[in-house]
Amino acid sequence: MRQGPVSAFPGRITFELDPDLRMVSPVLRLGFETWNEARGDRAMPARRDLDPLRMPRTLLPHILLIDLEAGPPQRFRWRLIGTHVTQIVGRDATGQYWDEIYEPRVLRTLSSGPRWAMENRQPVRSLGTAPIDDRSYLKSENLDLPLSSDGKTVDMIMVVTDFNQHNA
């Protein structure tokens with residue numbers, strides 16, 4: 001039996017988008033370099049162009065993959081959530097649809113970066129704050145990187161997330 005959405009964020013969650021990519025985190029810079037190298041002279045790489053065995057090991061725990069399913073309604077699904085994120089957030093939602101685990105206001109906020117990257121077919125940086133359980137507010141710096149299996153339509157987003165306390 002399917003339950004209604006539950007939010008892991010009991011308070012206000014915010015994301016501020018930065019299309020200018022003013023990255024502070026070295027992990028985000030490494031993620032951007034990896035994505036940029038994989039895309040070559042194309043607008044964006046495909047998922048198959050990013051081999052985890054060839055990626056820098058320090059990057060892997062920070063990677064999340066989001067499947068984008070055309071609608072209506074359009075849906076997001078966590079394909080992969082790196083250990084950096086699962087350890088800090090305290091759960092692993094890999095394989096779950098966002099509309100099944102997040103309440104509407106959280107879903108709107110969390111999807112702002114992936115939607116921007118999908119619509120513009122370009123990377124976007126975001127700064128996020130989220131209340132997690134009883135641990136005050138977590139701050140994250142994130143980079144949403146579009147992926148396309150056909151070179152035109154964004155069908156997946158690779159996210160690089162760093163929860164280190166960057167004041168950008």
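Visitor: Why is H62 called buried?
Guide: Its relative accessible area is 9%. Buried means under 20%, exposed means over 50%, and partly exposed is in between (1.4 Å probe, protein chains only). H62 therefore counts as buried. This is a predicted model: local features need pLDDT of at least 70, side-chain atom pairs count only at pLDDT 80 or more, and totals for chains, interfaces and linings use all residues. Residues are numbered from 1 along each chain as its sequence is written, and side-chain values use heavy atoms, with hydrogens and water left out.

Visitor: Where does H62 sit, and what does it touch?
Guide: H62 is in the loop between α1 and β2. Helices (H or I, at least four residues) and strands (E, at least two) are DSSP runs, numbered from the N terminus. Contact means heavy atoms within 4.5 Å. Neighbours within four places in sequence aside, H62 is in contact with V27, H84, V159, V160, T161 and D162.

Visitor: What makes the approach of H62 to T161 a polar contact?
Guide: The side chain of H62 reaches the backbone oxygen of T161 at 2.8 Å. A polar contact is a pair of N or O atoms within 3.5 Å; within protein, one must be able to donate a hydrogen and the other to accept it, and residues adjacent in sequence count only if both atoms are side-chain atoms. At 2.8 Å, the H62 pair falls within that distance.

Visitor: How do you know that D18 and R125 form a salt bridge?
Guide: Their side chains meet at 2.8 Å, N to O. A salt bridge is a side-chain nitrogen of Lys or Arg within 4 Å of a carboxyl oxygen of Asp or Glu. The D18 and R125 pair meets that limit. D18 lies in strand β1 (residues 14-18) and R125 in strand β4 (residues 124-131), so the pair ties together parts 107 residues apart in sequence.

Visitor: Are these two partners buried or exposed?
Guide: D18 has a relative accessible area of 3%, so D18 is buried. R125 has 2%, so R125 counts as buried too. The structure holds ten salt bridges.

Visitor: What makes D67 a partner of R77?
Guide: D67 forms a salt bridge with R77, with the closest N and O atoms 2.6 Å apart. D67 is in strand β2 (residues 63-69) and R77 in strand β3 (residues 75-81), ten residues apart. D67 is buried, at 9% relative accessibility.

Visitor: How far apart are the N and O atoms of D67 and R79?
Guide: The side chains of D67 and R79 meet in a salt bridge at 2.9 Å, N to O. D67 lies in strand β2 and R79 in strand β3, so this pair ties together parts twelve residues apart in sequence. R79 has 42% relative accessibility, so R79 counts as partly exposed.

Visitor: Why is T94 called partly exposed?
Guide: T94 has 35% relative accessibility, so T94 counts as partly exposed. T94 lies in the loop between α2 (83-89) and α3 (98-101). Its side chain makes a polar contact with the side chain of D92, at 2.5 Å. Not counting residues up to four places away in sequence, T94 touches W78, R79, L80 and I81.

Visitor: What does W78 touch in turn?
Guide: Neighbours within four places aside, the contacts of W78 include L64, L65, I66, T94, W98 and Y102. W78 is also among the residues that touch the most other members of the largest nonpolar core, with I66, W98, Y102, M158 and V160. That core has 43 residues. A nonpolar core is a set of buried Ala, Val, Leu, Ile, Met, Phe, Trp, Tyr and Cys residues joined through side-chain atoms within 4.5 Å.

Visitor: How confident is the predictor?
Guide: pLDDT is the predictor's confidence in each residue, from 0 to 100. The protein averages 88, and 87% of the residues score at least 70. Over residues 1-7 the pLDDT is below 50; beyond near neighbours in sequence, this stretch has 15 contacts in the model.
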